[in-house]
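Try each task first, then follow the solution step by step.

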Amino acid sequence: QVQLVESGGGLVQAGGSLRLVCAASGRTSSSDVMGWFRQAPGKEREFVASIWWNNINTYYADSVKGRFTISRDNAKNTVYLQMSSLKPEDTAVYYCARKPFGSGRYDYWGQGTQVTVSS
């Protein structure tokens, strides 16, 4: 079993910043790919960013490229999502997820943390 717990969400004005944190525990591996997803009301869940074990290979949705930065601390089993220049359309529940390296799907998900950006 793997447990993922997100924190750091909240209410912020447009143009502001937030840092989300995902703490992983259980049967994790530093080789896991970690990702952030989000789901806005009435919309499907969408990919935001992901990071490989080496902290070098990172991938972003076009909508957040240049504004969000994903990073990880393997020693602490923690993944971060630094969000800057936030927009009202970034409002969503943000989820952390784990994908075993080489696997095609994310198999464990956190409960999510709410991010609300006011205009």
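**Exercise 1.** Which residues does arginine 105 touch, not counting residues up to four places away in sequence?

*Solution.* Keep in mind throughout that this is a predicted model.
- Step 1: Find arginine 105 in the loop between strand 9 and strand 10.
- Step 2: Set aside the residues up to four places away in sequence; arginine 105 then touches Arg98, Lys99 and Pro100.
- Step 3: Check the accessibility. Exposed means over 50% relative accessible area, and arginine 105 counts as exposed because its value is 55%.
- Step 4: Look across to valine 33, which is 72 residues away along the chain; its C-alpha atom is separated from that of arginine 105 by 10.0 Å.

**Exercise 2.** Describe the setting of serine 103.

*Solution.* 
- Step 1: Serine 103, like arginine 105, belongs to the loop between strand 9 and strand 10, and strand 10 covers 108–109.
- Step 2: A polar atom of the serine 103 side chain lies 3.3 Å from the backbone nitrogen of arginine 105.
- Step 3: With 29% relative accessibility, serine 103 counts as partly exposed.
- Step 4: Now pick valine 2, 101 residues from serine 103 along the chain: the two C-alpha atoms are 16 Å apart.

**Exercise 3.** Is aspartate 90 buried or exposed, and which side chains does it join by polar contacts?

*Solution.* 
- Step 1: Go to the loop between strand 8 (78–83) and strand 9 (92–99), where aspartate 90 is found.
- Step 2: Buried means under 20% relative accessible area. Aspartate 90 has 1%, so it counts as buried.
- Step 3: Trace its polar contacts. The side chain of aspartate 90 is joined to that of arginine 38 at 2.9 Å and to that of arginine 67 at 2.8 Å.
- Step 4: Complete the surroundings. Leaving aside neighbours within four places in sequence, the contacts of aspartate 90 include Phe68, Ser85, Val115 and Val117 as well as the two arginines.

**Exercise 4.** How does the radius of gyration of the chain agree with that of a compact globule?

*Solution.* 
- Step 1: List the elements. The chain has 11 strands and zero helices.
- Step 2: For 119 residues, a compact globule would have a radius of gyration near 14 Å; the chain has 13 Å, so the two agree.
- Step 3: Turn to the principal axes, along which the C-alpha trace spans about 40 × 25 × 25 Å.
- Step 4: Look at burial and contacts. Of the 119 residues, 41% count as buried. Among contacts between residues at least 6 apart in sequence, 53% join residues at least 24 apart.
- Step 5: Finish with the surface and the charges. The accessible surface is about 6300 Å², with 48% of it belonging to carbon and sulfur atoms. The 13 positive and 9 negative charges have mean positions 3 Å apart.

Note on methods: Residues numbered from 1 in each chain as written. Predicted model: local features only at pLDDT ≥ 70, side-chain atom pairs only at ≥ 80, totals over all residues. Heavy atoms only, no water. Helix = DSSP H or I, 4+ residues; strand = E, 2+ residues; numbered from the N terminus. Rg over C-alpha atoms; globule rule 2.2 N^0.38 Å. Buried < 20%, exposed > 50% of the residue type's maximum accessible area, 1.4 Å probe, protein only. Contact = heavy atoms within 4.5 Å. Areas by Shrake-Rupley, 256 points an atom, 1.4 Å probe, with all protein chains shown as cover. Lys, Arg positive; Asp, Glu negative; His and termini not counted. Charge placed at Lys NZ, Arg CZ, Asp CG, Glu CD. Polar contact = N/O pair within 3.5 Å; in protein donor to acceptor, adjacent residues only side chain to side chain.
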